[in-house]
Amino acid sequence: MDSSWQVIIDALPLLLQGTLVTLKIVVISLIIAFVIGLISGLMSIAQNRLLRLISSFYVDLIRGTPLLVQVFFIYFGLPVFLDIRIPAETAGIIAISLNAGAYISEIFRAGINSINRGQGEAARSLGLSRYLTMRLVILPQATRRMLPAFVNQLIVTIKDTSLLSAIGITELTQSGEIIISSNFRAFEIWGVVGIFYLIIIYILSRVSRLLERRYAVR
Amino acid sequence: MIIVENLKKSFGSNEVLKDISTTIKEKEVVCVIGPSGSGKSTFLRCLNLLEDVTSGKVTIGDTEVTSPQTDIDQLRTNVGMVFQQFNLFPHLTVLDNIMLAPKYIKKMSKADNEKKSMELLAKVGLEQKRDAYPDQLSGGQQQRVAIARALAMNPNVMLFDEPTSALDPEMVGEVLQVMKDLAHEGITMVVVTHEMGFAREVADRVIFMDGGYIVEEGTPSHIFQNAQHERTQAFLGKVL
């Protein structure tokens, strides 16, 4: 039987490949989720009641159902209904984006609401439109306050992508499963997979600390 | 200049302004005094529609403020406002606070904008603070920057909402001095204040409000020495 070290060394190329897939899905999904979250967050504080309703329906729907069910629904359910084929990775990115988008929407809503009313009033009293007030005065201040919450969501999303192994995407977790199914060395491989997640998340949380200090709330 | 006709404002079932009518002439300095809860801040905030009015009509210059067709952003460039809590933008430097509105509304060139803004800073005596952030300034300095910012769009009217109420006593004087200078320049000013000394010295007219009504208005000497109304006398008796 190979030594534990040999097992780990042999597994590294596949696990690194899986890590890249995980990172790719996280980056693409979070960019989409950020846009969805910003739009939904702004809708949730709009004067128009219909916009607020749409946003809160979306957020409640996503928060009220497990991510795994959302993944299965998009990958297995929707294709049947729409009579199309969705590649696994696309389905995964859609599911993660929609899921993170709902939480980011709440982060935006809370961040914007945390800005003192007087800031908006001062900007409007100068003659700035609602749009410019949001863009130049409210959002720059709100995003700084939101930074820790964004980082938290980033970490959650990285870990959530492991659920995509359930639809056969060879991200980090699925790579581990594939290796174990051929060498049966569960202890070593799951240990290393866990350490890989730990390293990615540790690096990101360090970087975000630096960012937080650089963009300190004034 | 400013005409207010039968202005009423309710928050839910709470009627804060009950039928206010008055006229403020060009270049007039009007101080609004009265006990807290009398509606004086709400009255001021209705003039530039920071509060929607429930009914009545406000006209500033040729613009009917309360008409739904009015471009309210356009009107507000002509009506500067100074708040009790200063409300400077904390993420921008002093100079950027002042340059913000001219940059995005007037599309003023950076050089012109900076020159104009530095003149305004000089007027309030804070040129050396151009690159400071608001949290590095004292309350009095912040309020002087806020006045400069409100002047950046060249408004014809300035509204002051208790501009010295949040200040430590030793800083009240510097802010009142800037306001006095403005008054002498002949800008139309409406000042909600508890500073009776300022009202007496600088105002052309004093309005006394209580319970959502204008109870009495007149020259400072009329209000302070010769108030006719019992409620005015009772209020002044307490604050003077």
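**Figure 1. A:Thr133 and the residues around it.** Setting aside residues up to four places away in sequence, A:Thr133 touches A:Gly120, A:Ala123, A:Arg124, A:Leu128 and A:Ile138; here, touching or being in contact means having heavy atoms within 4.5 Å. This is a predicted model, in which local features need pLDDT of at least 70 and side-chain atom pairs count only at pLDDT 80 or more, while totals for chains, interfaces and linings use all residues. Residues are numbered from 1 along each chain as its sequence is written, chains are lettered from A and ligands numbered from 1 in the order in which they are written, and side-chain values use heavy atoms, with hydrogens and water left out. A:Thr133 sits in helix 6 of chain A; helices (H or I, at least four residues) and strands (E, at least two) are DSSP runs, numbered from the N terminus. Is A:Thr133 buried or exposed? With a relative accessibility of 5%, A:Thr133 counts as buried. For all these legends, buried means under 20% relative accessible area, exposed means over 50%, and partly exposed is in between (1.4 Å probe, protein chains only). A polar atom of the A:Thr133 side chain lies 2.8 Å from the backbone oxygen of A:Ser129.

**Figure 2. Where chain A meets chain B.** On one side 20 residues of chain A are in contact, and on the other 26 residues of chain B. The size of an interface is often given as the accessible area lost when the parts come together. Here the buried area is about 2000 Å², with carbon and sulfur atoms giving 59% of it; buried area is the accessible area (1.4 Å probe) that two parts lose on being put together, summed over both. How many salt bridges does the rule find across the interface of chain A and chain B? It finds two, a salt bridge being a side-chain nitrogen of Lys or Arg within 4 Å of a carboxyl oxygen of Asp or Glu. A:Arg124 forms a salt bridge with B:Asp73, and their closest N and O atoms are 3.0 Å apart.

**Figure 3. The side of chain A that touches chain B.** Helix 5 (117-125) and helix 6 (130-160) of chain A each supply at least two residues of this side. Which helix of chain A gives the most? That's helix 5, with eight residues. Sorted by class, this side of chain A has eight nonpolar, six polar and six charged residues. For that count, Ala, Val, Leu, Ile, Met, Phe, Trp, Tyr, Cys and Pro are nonpolar, Asp, Glu, Lys and Arg are charged, and the others, Gly among them, are polar.

**Figure 4. Aromatic pairs in chain A.** A search of the whole structure turns up six aromatic pairs over all chains. Rings of Phe, Tyr and Trp (its six-membered ring) pair if their centres lie within 6.5 Å; planes under 30 degrees apart count as stacked, over 60 as edge-to-face and the rest as tilted. One of the pairs is A:Phe72 with A:Phe76, which is tilted, at 5.7 Å centre to centre and 45 degrees between the planes. Both residues belong to helix 3 (residues 67-82) of chain A, four residues apart, or about one turn of the helix. A:Phe72 is partly exposed at 32% relative accessible area, and A:Phe76 is partly exposed at 45%. The pair of A:Phe108 and A:Phe150 is edge-to-face, because the planes are at 65 degrees, with the ring centres 5.5 Å apart. This pair links distant parts of the chain, with A:Phe108 in helix 4 (residues 88-113) and A:Phe150 in helix 6 of chain A, 42 residues apart. A:Phe108 is buried at 1%, and A:Phe150 is buried at 16%. Together with A:Phe34, A:Phe108 and A:Phe150 make up one aromatic cluster.

Figure 5. Helix 1 (residues 40-47) of chain B has seven of its eight residues buried, so it is largely enclosed by the rest of the structure. Among the buried ones are B:Phe43, B:Arg45 and B:Cys46. After this helix comes B:Leu49, with a positive phi near 60 degrees. Over in strand 4 (residues 55-60) of chain B you'll find B:Lys57, partly exposed at 34% relative accessible area. Leaving out neighbours within four places in sequence, B:Lys57 is in contact with B:Ile3, B:Val4, B:Glu5, B:Glu64 and B:Thr66.

Conventions. Polar contact = N/O pair within 3.5 Å; in protein donor to acceptor, adjacent residues only side chain to side chain.
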